[in-house]
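Me: I would like a close look at one helix pair in this model. Please keep it brisk and tie the pair to the rest of the fold.

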Amino acid sequence: MALAEAAAAEVALEPLAVPGCGPLPGVLSDESVLGGVIDDLLRHAIRAAGEGGAVRVAIEGTAEQGLAVAIRGTSAGARAARRRARSEIRLPGAAAPRPDAALREAAAMAGGTLDMRSGSGGDVQARLGFSPSRCLEAAGDA
């Protein structure tokens with residue numbers, strides 16, 4: 001659903017940044033709960049970015065240190081921020097993402113912790129973290 005919203009809002013989704021470009025470690029989690037949390041975080045970032053903005057996703061850490069999915073929505077500038085302040089982007093048939101408190105609860109159900117922050121100009125940053133005890137080594141790393 002987030003991809004459709006990004007296309008409709010003309011927001012650029014930037015490629016996943018993976019240090020070293022090797023196989024990614026896994027996380028012990030309920031796949032559907034985790035997928036829902038990530039989808040909602042992407043939708044928050046897309047709405048914050050607004051038309052012409054960008055959304056960046058990165059994987060941070062290692063299985064030994066703990067992993068995090070970092071998502072950042074950056075607006076196209078002050079003009080876009082003023083436009084968003086007057087009228088939130090509304091997309092036909094798209095439900096609003098869950099509010100922060102519900103997202104934090106869902107992140108906990110997925111075994112993670114969620115930190116969300118709003119910055120200047122309406123930018124948003126989210127970090128969904130998992131402790132080392134919830135992380136699995138990447139295939140071929142063992």
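This is a predicted model: local features need pLDDT of at least 70, side-chain atom pairs count only at pLDDT 80 or more; totals for chains, interfaces and linings use all residues.

Reply: Surface first. The protein exposes about 7900 Å². Carbon and sulfur atoms supply 55% of that area. As for the interior, 39% of the 142 residues count as buried.

Now the fold. The protein has 4 helices and 7 strands. Along the sequence they follow the pattern α-β-β-α-β-β-α-α-β-β-β. Take the contacts between residues at least 6 apart in sequence: 72% of them join residues at least 24 apart.

Next, the pair itself. Helix α2 covers residues 31–49, and helix α4 covers residues 100–109. Their axes come within 9 Å. They cross at roughly 150 degrees. Angles over 145 degrees count as roughly antiparallel, and α2 and α4 are therefore roughly antiparallel to each other. The crossing of the two helices is left-handed.

Who meets whom? On the α2 side, the residues are Val-33, Val-37, Asp-40, Leu-41 and His-44. On the α4 side, they are Asp-100, Leu-103, Ala-106, Ala-107 and Met-109. By class, the residues of this contact divide into 7 nonpolar, 1 polar and 2 charged.

Even so, Met-109 has a relative accessible area of 58%. The cut-off for exposed is over 50%, so Met-109 is exposed. Met-109 and Val-37 are 72 residues apart along the chain. Their C-alpha atoms are separated by 9.9 Å.

Thr-74 has its place in strand β4, residues 66–74. Ala-45 and Thr-74 are 29 residues apart in sequence, yet 7.6 Å apart in space, C-alpha to C-alpha.

What does Thr-74 touch? Leave aside its neighbours within four places in sequence. Thr-74 is then in contact with Ala-49, Gly-53, Ala-54 and Asp-123. Thr-74 has a relative accessibility of 30%, so it counts as partly exposed.

How values were computed. Residues are numbered from 1 along each chain as its sequence is written. Side-chain values use heavy atoms; hydrogens and water are left out. Axes are lines fitted to C-alpha atoms, for helices over the stretch in contact, and angles run from 0 to 180 degrees between N-to-C directions. Angles under 35 degrees count as roughly parallel, over 145 as roughly antiparallel, 65 to 115 as roughly perpendicular and the rest as oblique. A crossing is left-handed if the near helix is turned anticlockwise from the far one by less than a right angle, and right-handed if clockwise. Contact means heavy atoms within 4.5 Å. Ala, Val, Leu, Ile, Met, Phe, Trp, Tyr, Cys and Pro count as nonpolar, Asp, Glu, Lys and Arg as charged, and the others, Gly among them, as polar. Buried means under 20% relative accessible area, exposed over 50%, partly exposed in between (1.4 Å probe, protein chains only). Accessible areas come from the Shrake-Rupley method with a 1.4 Å probe; for residues, only the protein chains shown count as cover.
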